[in-house]
Each structure stands twice: as C-alpha cells, then as structure tokens.
Amino acid sequence: MVATKIRAAAPMTVSLPLDRILMDDCVAAMQSLPTASIDCIFADPPYNLQLGGDLLRPDGSQVDAVDDDWDKFDSFATYDRFTRAWLTEARRILKPEGSLWVIGSYHNIFRVGAAVQDLGFWILNDIVWRKSNPMPNFKGTRFTNAHETMIWASTGEKARYTFNYRQMKTLNDELQMRSDWEFPICGGPERLRRDGVKVHPTQKPEALLYRVLLASTKPGDVVLDPFFGTGTTGAVARRLGRRFIGIERDASYVEAATARIEAALPLDESAIRAMRAPVKPPRVAFGVLVENGLLPPGSVVTDAKRRFRATVMADGSLLSACGAAGSIHKLGSIVQGAPTCNGWTFWHVETPDGLRPVDSLRQQWLLATQP
C-alpha cells in the first residue's frame, strides 16, 4: 500500500490491514501505512542486551537468555539509527491525538527516551514495571534487575491524548493509579512453549498490556505493535474490543501469534464499556422551578421540622414571616443564624407523599428535560 497524503479539507478513507500481522521489517511495514491513521502504538523493541558469553546458574545449568540475532547490533550508533528510523515512522502514522508506549530495560530505554524527545514526542509518564518474580542475579555481582521501564508519550506538548482516568482509578480500588505497576513475568499456561522450550524469550504478560490499552485507548481504536512477537498486544486488543495491526518478521513468531489471537475470546460489549469520569449535573436555578410552575409564586416552603416558613416570590426569592428575604440559600442561613446553608435540602414543600425537600423538584425537572 502506498502512503497517501491526506488533505485536511477533503480527507480520504484508506483501508488499513486491521487485525492482521504484516510479516515484514518494521520500518518498511510502517512506511506502507497512511499518515495519521493509528490511535496507539505499543513497541517492545530489541533491548540490545550485549550479553557476553553464556549465563549460568549456580548449579552450572544454562539460563535461557536472549541470544537471538534480532537483539544484536554492531554498535550503539547502529542501534540509535534503527531506533530513530522506526520512531520517525511511528510519529508519522500516529493520529495527532494518539500516543506511544515503548518498553525497555536499562540497556536501551535511555537511548530510546532521548530519541523520543528529539523527534518531538512529549513524554507523559515513565512507568516502572516492577516484576514480582524477577530472575536473580546469579553471579552476585550487582543488584537483581527487577524492573523494566515504559515510556508513555503523546505526539506533542499540547496534544489531546486519550487517558481513561476513571477506568484506571476503578481498576485500582478507587485510588489514583500510580506509575509503578507490579506484575509477575510471563509464566504458567500463558507462556507459549514449543516442545517444552519458550517460543519467545521476552514474552510480556497480558496483564501489562491490558492496563496499557485500558488506560490509553477506546473500544474500536487501532493499536499498532511494530515488534509483535508472539502477539500479546493482539490478544489483549481482541479481548478489549480494540483493533490491532502487528508487524513481525520471524515466521515462527507469526505462527504462534496467529494461533494465540484466534483463541482469544473478546469480552462481552457490556463488560468493556468504558467507565467515564462522573459528569457534573447541569446547574438548575431555583427560579427555573418557579417560572415552569413546579413551585409557583405564592407557594409556601418550610424547614423539615416546620419551624420556619417562607413564601416563594415571583423572582425566585423567598420572603420569611419576619420580613427577611433572599435566595433559598441566603434566607436559609439567615433564619438559622448560620454562615452558610444549602437551600435545596433545607427548604421543604408539602406534597401528596408528605414533606419533601425542594431538591426533589429539581431532580424531577432534570429527569424531564435531560436526554
């Protein structure tokens, strides 16, 4: 597919390879996608671990570490050129309101972060993934490497990006979600194996991607993963009602990812409906109830114990028996000798069901007028 320049005045609809894995080099595949067409990118690029020799446990057994060719680069300069190439395409294909996630370790994340800023992205957070079950440092020569870092960035300082704050707070027992997340590394039945051997050495846990996509995308959004591996992003996107595009050049990974995603059952639509931030109810003036006949001029209101009485005036003010006048709030504070008063709950009106706060009339009005 040839990238098409889209004019703001007359946007063109370009078909995206939705819910597909493109078996290609990540830069070449991204170059085939149209500008400003992707809602979110999650990237798990090679970490350039620079491992020297075999890694052995104290018992002499060999650790199944990352020694694949895709993680090997001749130099830092080579890695930096690769990083800038795919990030340049990522910035081009992201919508203005889209966002980028990149995960890495101390081996690469600082170099990636510099490139992210140099290319004009705006870093929103660095998220620490704290591994609850990290691999020990077998040689005892340094601290156990127990975390990885994710960079979350928008397309610019003033970009309007998606952040589902309410969902994150609900997910975290009504506390603001922090930037340190604790998950175990991928294991158990979730870890893909072939003949008892890990299919991919750095398969990410689905819980991690679940939180990422729930936080920064909406149902129907298109999520691109340029380093698709065994398809964690695609499986989670399918469950959450998002669309995905994966890019992966290793045939064995593509095969494993395809089978995995086909087995991922989407959640029921009602289960993935976004929790939205509480909407402040529209302001209703007391005078609206008066002019619409819910509490016409001449009506009498009292407090709950019927100690104070006042008459509703044509302009929406109240006039007490002692001659004091004011709004429902002001007169309520005057008759009580209190500094403030919520007149909506203080003043009551007689109804067929007994004495009710005037706020009940406001709720009645809202129910009748709001969609």
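## Salt bridges

Welcome to this structure, in which 16 salt bridges are found. Please keep in mind that the model is predicted. Side chains of opposite charge can pair when their charged atoms come close.

E206 is buried, with a relative accessible area of 16%, whereas R239 is partly exposed at 28%. Salt bridges with shared partners also join E206, R239 and R260 into one network.

Another pair to look for is D180 with R178, whose side chains meet in a salt bridge at 2.9 Å, N to O. Here R178 counts as exposed, with 57% relative accessibility, while D180 is partly exposed at 38%.

## A helix pair and a ring

Next, have a look at helix α12 (residues 359-369), which holds both D359 and R362. The two residues are three apart, about one turn of the helix, and they form a salt bridge with 2.7 Å between the closest N and O atoms. D359 is buried because its relative accessibility is 18%, under the 20% cut-off. R362 counts as partly exposed, at 21%.

R362 has a further contact: R362 lies over the face of W344, at 4.2 Å from the ring centre. A lysine does something along these lines elsewhere, with the charged end of K131 over the ring of W129, 5.2 Å from its centre.

## Aromatic pairs

Now for the rings: the structure holds 12 aromatic pairs. One of them is W152 with Y161, where the ring centres are 5.5 Å apart and the planes stand at 85 degrees, so the pair is edge-to-face. W152 is buried, at 4% relative accessibility, while Y161 is partly exposed, with a relative accessible area of 35%.

W152 also pairs with F163 in a tilted arrangement, 5.6 Å centre to centre with 50 degrees between the planes. Since W152 sits in strand β5 (residues 147-154) and F163 in the loop between β5 and α4 (165-171), the pair ties together parts 11 residues apart in sequence. F163 is partly exposed, with 40% relative accessibility.

To see how these rings belong together, find the cluster that ring pairs make of W101, W152, Y161, F163, Y165 and W181.

Terms used
Residues are numbered from 1 along each chain as its sequence is written. This is a predicted model: local features need pLDDT of at least 70, side-chain atom pairs count only at pLDDT 80 or more; totals for chains, interfaces and linings use all residues. Side-chain values use heavy atoms; hydrogens and water are left out. Rings of Phe, Tyr and Trp (its six-membered ring) pair if their centres lie within 6.5 Å; planes under 30 degrees apart count as stacked, over 60 as edge-to-face and the rest as tilted. Buried means under 20% relative accessible area, exposed over 50%, partly exposed in between (1.4 Å probe, protein chains only). Helices (H or I, at least four residues) and strands (E, at least two) are DSSP runs, numbered from the N terminus. A charge sits over a ring if NZ of Lys or CZ of Arg is within 6 Å of the ring centre and within 35 degrees of the ring normal. A salt bridge is a side-chain nitrogen of Lys or Arg within 4 Å of a carboxyl oxygen of Asp or Glu.
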